[in-house]
Amino acid sequence: MYLYSLTLQRATGVVCAVNGSFTLELLRPDEAGRIQILHSVEVFGAIRSLAQFRLTGSQKDYLVVGSDSGRLVILEYNVAAARFDKVHQETFGKSGCRRIVPGEYLAVDPKGRAVMVAACEKQKLVYVLNRDAAARLTISSPLEAHKSHVICYSVTGIDCGFDNPIFAAVELDYSEADLDPTGQAAADAQKHLTFYELDLGLNHVSRKWSEPVDNGANLLVTVPGGGDGPGGVLVCAENFVIYKNQGHPDVRAVIPRRDDLPAERGVLVVSAATHRQKSLFFFLLQTEYGDIFKVTLDHEGGERVKELKIKYFDTIPVTSAMCVLRTGFLFAASEFGNHALYQFQSIGDGPDVEASSTTLMETEEGFQPVFFQPRPLKNLLRIDQVESLMPIMDMKVTNLFEEETPQVFTLCGRGPRSSLRILRPGLAISEMAVSQLPGTPSAVWTVKKNVNDEFDAYIVVSFTNATLVLSIGETVEEVSDSGFLDTTPSLAVSLLGEDSLMQVHPNGIRHIREDGRINEWKTPGKKTIVKVGSNRQQVVIALSGGELIYFEMDITGQLMEVEKHEMPGDVACLDIAPVPEGRQRSRFLAVGSYDNTIRILSLDPDDCMQILSVQSVSSPPESLLLLEVKASTGGEDGADHPASVFLNAGLQNGVLFRTVVDMVTGQLSDTRSRFLGLKPPKLFSAMVRGRQAMLCLSSRPWLGYIHQGRFLLTPLSYETLEYASSFSSDQCAEGVVAVAGEALRVFTIERLGETFNETVIPLRYTPRKFVLVPKKKHLVIIESDQGAFTAQEREENKKVFFEATGIGENGTANNGDQMENGGGDNDEEKDPLSDEQYGYPKAVSDKWVSCIRVLDPRTGETTSILELQDNEAAFSVCTVNFHDKEHGTLLAVGTAKGLQFLPRKSLIGGFIHIYRFIDDGKGLELLHKTQVDGVPLALCQFQGRLLAGIGPECENKLFPNTIMSIHTYRDRIYVGDIQESFHYCKYRRDENQLYVFADDSVPRWLTAAHHIDFDTVAGADKFGNIFFARLPQDVSDEIEEDPTGGKIKWEQGKLNGAPNKVEEIVQFHIGDVVTCLQKASLIPGGGECLIYGTVMGSLGAMLPFTSREDVDFFSHLEMDHMAYRSAYFPVKDVIDGDLCEQFPSLTPDLQRKIADELDRTPGEILKKLEDIRNKII
């Protein structure tokens, strides 16, 4: 079996973020405050740390990347080519995320003279940065600052002006703890703050200063120095922020804590951002509960620090990184869930709870805490967000809504930011307006009055017997003085020349001049116009019977008849290419006929109406569009291509046919086709982000556009449309106006380049698993959280708080809806303190809350929700039909009571609940509850019984650790163990016994499993690998041919395992922990793939190849790319599609070189890549 692996949705979790002016994803807020992705690049590795620096006096930042490659890479952003260029790549160690290989921490000298890269333990390397005579960046060989038996928690560069660079680190020495068996030394171990000095003269690094620091210290923040401030560092520790510098007494302040926080919980700072201006600087520190504090230092003359103040600023969801931008924005990369962009409303100078080093009170219990209450946002305003699926907890692909393509249902997020997200392949759109029309329209156009106008002047709608003209202003209203003929249907409406309008109707052409004069051209005899194609200078009409008449505008602005041409039969469709810049006319006319051909005709005066080329197609063409792609040399899309014209044809069998027209000869080459839907596609030109794009309206709308150098054809998530035109007004600069049914719709297309768009349904606690209830089409979701209060308790606490503070509840009745997390963007009016924003109040750590939810995904409504009582939490769920069939389909839920993981795993008891469905599947009723010994992590129906994997046993004591998955097929049971991979079992009914007849020889830590066929299962392990395990065919036959089962029973196992071993036939490193696997097809008629979802929020697919030829082609294209995909096991029989998809972004020369080695042309390779992608999505 050979597979093609392709990432469908990139990982959306952010590991680390930095900001700078880079004249990885590079994001930038645009004028409207929306985040735009300028560039993203696959690194084929795990990025562990990022830092940015600039050399003194330069205007540009460089980016330093610490990864699992064992190398330090320095990149610069090339604006002209819109890409990152690699400046240096220094190898220093082994690949992989290892304890003593640097890459986990990066620190740069604030003046850009050196960079330190450190490991979790022992090793630290310092590289000196400089520039040569040509102002190019140079890098030295590494200087060592190693110390064995030392764990490192955080490093940063100290701002000491132009003195020798100094780096600070929080370290813990464990050499004594290693030698002391009593554990006393480990309990007494003390963290130290250590300064490392790089002597630029002697070119070596020494430990300059070290002193003990709080054992809760976890983060260092550089304080501006060298004339801008006092220098030194802020040490963020549990409950405190301490200012430290060599030869300076500690200045300590306590971090304010929430009123409702249990005393046992400390407060840790998880991310920090610094804002510097000429005269002032301040720090924003965020705690693990999401509260942001503004820290300021009161210092005299840039030397002594007199006071350290910590003031409550605002509360936003917990971040993994924050960046303050110079333009007054704060980018918050959330730890889980959507990332956000905030705008500063103020910098927190108003009155708020404040802790200071001068008011620090010491009592017998320790330092006295300062308390505060979170409040709605005051200093920040959220203006945009980037959707993130991180982490995907569970996923199912199914077509519940009976749409054209199946939907992907994912459980995402954690705690109060949990959600069920329904993903559909396609771009999201936002609807601006829908208005009903007096009849059923057949077509719509928008026109400007003058070429130089910014916005459109009219929307013209054609009906079967009339034309309606709407003028666009503050509002859109009907007008009758536009000069258009309104008693006839229209075939085309457009702008001609600079400032005149043209209307083509069945009986003629109406040319409306700018001064109001109207010229009419009438059709000869009884003939009528059936089709029309035009641009700003040229018009071609087709009369019934197949006659073509060509008009051109002369110098005076009159429309003159130039040439006639008889086609062999009726014309099905036609189109003229737009006039190229600097030319008077376009050269090509495309004509589609009912005899399944498309002809390209010349419009040049020398060979007017001569046929240049003919293309036969599989079905009569319905619509044609000639689209010019302008020449670009590394423009915004980062690709070099000469100007070219594409001929797009929508055929009556629902296929879109694309081919390139040679600019000189008019010959057609490089044809591609794709099935779009059941209706013949109609093609329209539209503007998207200032560039020409193509709208294809079939049974659903599609958009063809160029994004980051490659052509993408993506569906729009919208209903079927009949006719469309691009639309521009001052409320909506780039939109589309379309007709469908009796309505006129105006919409804009949201973020480009995305594969899926999502519908979000908020949940109450962290979702664990869900099942689909067959027939009823409901979902049952189990959710559970540790260390939280139940919804009921939270509501009561909130009530008490509101009464105490006098905030009214704004009339929100306590009707249970209030218990869900924020219902949308405007939740601040409903609820002054939404849980989504502020997180849940924390309870003691051994308290669990959990619920079972029945949800109707079509309406998004929860039809029933059961809270589990008494510290019970749900961990597994399945539907089951028992032998007696008395209650029909039942629901089994596995729960654990009083589960604790620290100091060691313990629980009061496990239970299996059986519920039956009531109210037509909308509600649940408990039938009975069975106590078991362990946590039931896996449940599965088997031959009218329920299989439960309870800790290490399942009717059978042979399983080594903890069962985490059970799948069944016919009479086989496939059991996945949490650290021992798969076991294949057979059940003997007469003995009521399970026999393990095969297992895996590799001890895998499974995180996900899925049954593929009778002998094969797919699994994923916690190190980010996907593998397929298959029972050898001869063993499988032997077991099936043993009727009594006696052979299995008496066969001796090998090495304490089963008598037979499965073979691992597929190995591939994804590079991210896979949490769910599912076999499904994402497109109608597409190949069945294995779809996976990961912790970082990415979705991918593995498609089996059907021909040996394709395997050979792609393995030659991929060539020599083993290291990353073989990080744990050698990659086996999987082609890395993400690597192959880098081909279009290579330079044309390199593309030709690779294509020559494969005996192909670059066009053929691109076509192959497009075809295989279209099989998946």
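Good morning. Please keep in mind that this is a predicted model.

Five strands form an open sheet of mixed pairing, in the order 84-85-86-1-87. At its edges stand strand 84 (1074-1080) and strand 87 (1134-1136), each of which pairs on one side only. From one strand to the next, the twist averages 25 degrees. Strand 1, residues 3-9, pairs with strand 87 in the parallel sense over three bridges. Within this part of the sheet, L3 stands opposite V1134 of strand 87.

Helix 11 (residues 1162-1176) lies across strand 1, strand 85 and strand 86, at about 70 degrees to strand 1.

R672 counts as buried, at 12% relative accessibility, while E1170 is partly exposed at 21%.

A further salt bridge joins R1125 and D1138, with the closest N and O atoms 3.7 Å apart. R1125 lies in the loop between helix 8 and strand 87, and D1138 in helix 9, so the pair ties together parts 13 residues apart. Are these two residues buried or exposed? R1125 is buried at 5% relative accessibility, and D1138 is buried at 8%.

The count for the model comes to 68 salt bridges. Among them is the pair D159 and R276, at 3.4 Å. Here D159 is buried, at 3%, whereas R276 is partly exposed, at 40%.

I turn now to the aromatic rings. The count comes to 28 aromatic pairs. One of them, F982 with F1027, is tilted, with 5.8 Å between centres and 50 degrees between planes. F982 lies in strand 78 and F1027 in strand 82, so the pair ties together parts that are 45 residues apart in sequence. F982 is buried at 2%, and F1027 is buried at 0%.

Ring pairs also link Y4, F1105, F1113 and F1114 into a cluster. Over the face of F1113 lies K1168, at 5.4 Å from the ring centre. In another such contact, R794 lies over the face of Y840, at 4.0 Å from the ring centre.

Thank you for your attention.

Note on methods
Residues numbered from 1 in each chain as written. Predicted model: local features only at pLDDT ≥ 70, side-chain atom pairs only at ≥ 80, totals over all residues. Heavy atoms only, no water. Phe/Tyr/Trp six-rings, centres within 6.5 Å; stacked < 30°, edge-to-face > 60°. Helix = DSSP H or I, 4+ residues; strand = E, 2+ residues; numbered from the N terminus. Buried < 20%, exposed > 50% of the residue type's maximum accessible area, 1.4 Å probe, protein only. Lys NZ or Arg CZ within 6 Å of the ring centre and 35° of its normal. Pairing = 2+ DSSP bridges. Axes fitted to C-alpha atoms, helices over the stretch in contact; angles between N-to-C directions. Contact = heavy atoms within 4.5 Å. Salt bridge = Lys/Arg side-chain N within 4 Å of Asp/Glu carboxyl O.
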